[in-house]
Amino acid sequence: MRSVTGSTDRVVVVGAGLAGLSAALHLAGRGRTVTVVERGAHPGGRVGRADIDGYRIDTGPTVLTMPDIIDDTFAAVGESTAARLDLLPVMPAYRAAFADGSSLDVHTDAAAMAAEIERFAGPGEAAGYLRLRQWLTRLYDLEFDGFIGANFDSPLSLLTPQLARLAAIGGFRRWEPMVRRFISDERLLRVFTFQALYVGVPPRKALAAYAVIAYMDTVSGVYFPRGGMRALPDALAAAAADAGVEFRYNCAITELERSGSRVTAVRTAGGERFPADAVVLTTELPDTYRLLGRTPRRLLTLRPAPSAVVAHLGCRGVASAADQSHHTILFGDAWQQTFHDIIDAGRPMVDPSLLVTRPTAGDPSLAPPGRDLLYVLAPAPNTAVGHKDWDGERDGYVQHMLDTVTTRMPHLGDDAEILHVVTPQDWARQGMAAGTPFALAHTFGQTGPFRPGNTVRGVDNAVLAGSSTVPGVGIPTAIVSGRLAADRVTGLVSRTHPRAVSK
């Protein structure tokens, strides 16, 4: 594995998102002097926040999985997750609600989930689920060290015995056909393949290797930090500060000073200068290449992932214990058309499938007394393929989303108020390429060693981290990308493999 040569005593990390915080913790734990320079007022990056009328809103991701990766990050400086963060298991992990009126609670416990599937679809599907669970666990176990948690210097780095074992269990086939080997109920199929929306590829075309996301959701478990998702970056930043990392907020980077092939300092819009022996850049990819003055040549144009419209709503508190689900996936009837609409046709979903998150189910203090806070996400085309004027048509589409939610979940419609909305054009104004918070799609040509690398040829001491580089999109992978960047700076160190959940 290539790593930065020469002195790496002083490292500047640009960006205090999850990738930057992870890199800072790992580097501090390895004895480096670390400064984190962040353009915003808070840590978190894509894990954004907004406080509106007594509601404490998470504007970024709401599904948290793989706490072992978080444990590994705190452990880099001798800390523990339990000492810094109150992580609550979400049970059930999801409720899946279908257009025909049926619903299924997704449990991470094998016996509980098998019983729920038997109730929902019969004993044959329950038996198939148990075999699918074993396959997903095997998939994760083979992928983590060799693919998710590894740096690649070239495609030849893939040629390992693990690659052969992954191929043997179907990792390089297609996601949906592989899942069909275990279950046949079309509704169940959606539960174990909808995660393809995260990677920006229809499940019929996505690599089966990405079914590892279904492992994270349905086997490893879903969690929620008390205080909201912002509590995670806040806790990581606090641990880093106590380990000696210096944080500078409200500092936008404008220039990298260079001497030959090395970056020697980082300059900000305010005129501050931070000397550096190495830099970790977690900026958006176009900004990163602009700062470095380098754009790697690629045979194929980079393809961004689909975007999303996110509406944050306040409503009267839910009283019924039967309606206390934290995450609900409302599947529309035209599920297969969803992918064509947002990826190929560049239009909003005709029959929307929505993720409805109720963070107040985990922490009622996130809303005023007697109120609930809702996060409603509709996948949408990014601005590179989409044709909708979101600024002009936002309100009508958000009302359509709200009508869909209240029709399917009437208990959430009482006294509803729209608090905050983010559209693809809003994401673009935040600097996200093609107006998507999900960075680059995980096509084959943008996977593993074919994804934009975390090193840039011709710049000896700059390393990249974040969603647009390896290993990819999502909270666990963003955190891993920070550790991979630290490995590039310091060279490999011994570490513990986050355990796979037992079969």
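Q: Which residue in E17 stands opposite Ile 329?
A: Ile 329 stands opposite Leu 355 in E17, and in E18 the bridge partner of Leu 355 is Leu 377. The model is predicted, so that local features need pLDDT of at least 70 and side-chain atom pairs count only at pLDDT 80 or more, while totals for chains, interfaces and linings use all residues. Residues are numbered from 1 along each chain as its sequence is written, and side-chain values use heavy atoms, with hydrogens and water left out.

Q: Why are strands E16 and E17 said to pair?
A: Pairing requires that DSSP finds at least two bridges between two strands. Strand E16 (residues 327–330) is joined to E17 by 4 bridges, and 3 bridges join E17 to strand E18 (residues 371–380); both pairs therefore meet the criterion, and each runs antiparallel. Helices (H or I, at least four residues) and strands (E, at least two) are DSSP runs, numbered from the N terminus.

Q: What makes both faces of strand E17 count as covered?
A: Leu 354 and Val 356 on one side, and Leu 355 and Thr 357 on the other, are all buried. In a regular strand, side chains alternate between the two faces of the sheet.

Q: Why is Leu 142 called buried?
A: Buried means under 20% relative accessible area, exposed over 50%, and partly exposed in between (1.4 Å probe, protein chains only). Leu 142 has a relative accessible area of 4% and is therefore buried. Leu 142 lies in helix H5 (residues 123–148) and, leaving aside neighbours within four places in sequence, is in contact (heavy atoms within 4.5 Å) with Phe 147, Gln 162, Arg 165, Leu 166 and Ile 169.

Q: Why are the buried residues of helix H12 placed on the same side of H12?
A: The buried residues of helix H12 (residues 285–292) are Leu 285, Thr 288, Tyr 289, Leu 291 and Leu 292. Because they cover an arc of only 160° around the axis, they lie on the same side of H12, the arc being that of the directions from the helix axis to the C-beta atoms. These buried residues pack against strand E11 (253–259), strand E14 (278–281) and E20.

Q: How do the residues of the lining of the second largest pocket divide, and what counts as nonpolar, polar or charged?
A: The lining divides into 10 nonpolar, 6 polar and 8 charged residues, where Ala, Val, Leu, Ile, Met, Phe, Trp, Tyr, Cys and Pro count as nonpolar, Asp, Glu, Lys and Arg as charged, and the others, Gly among them, as polar.
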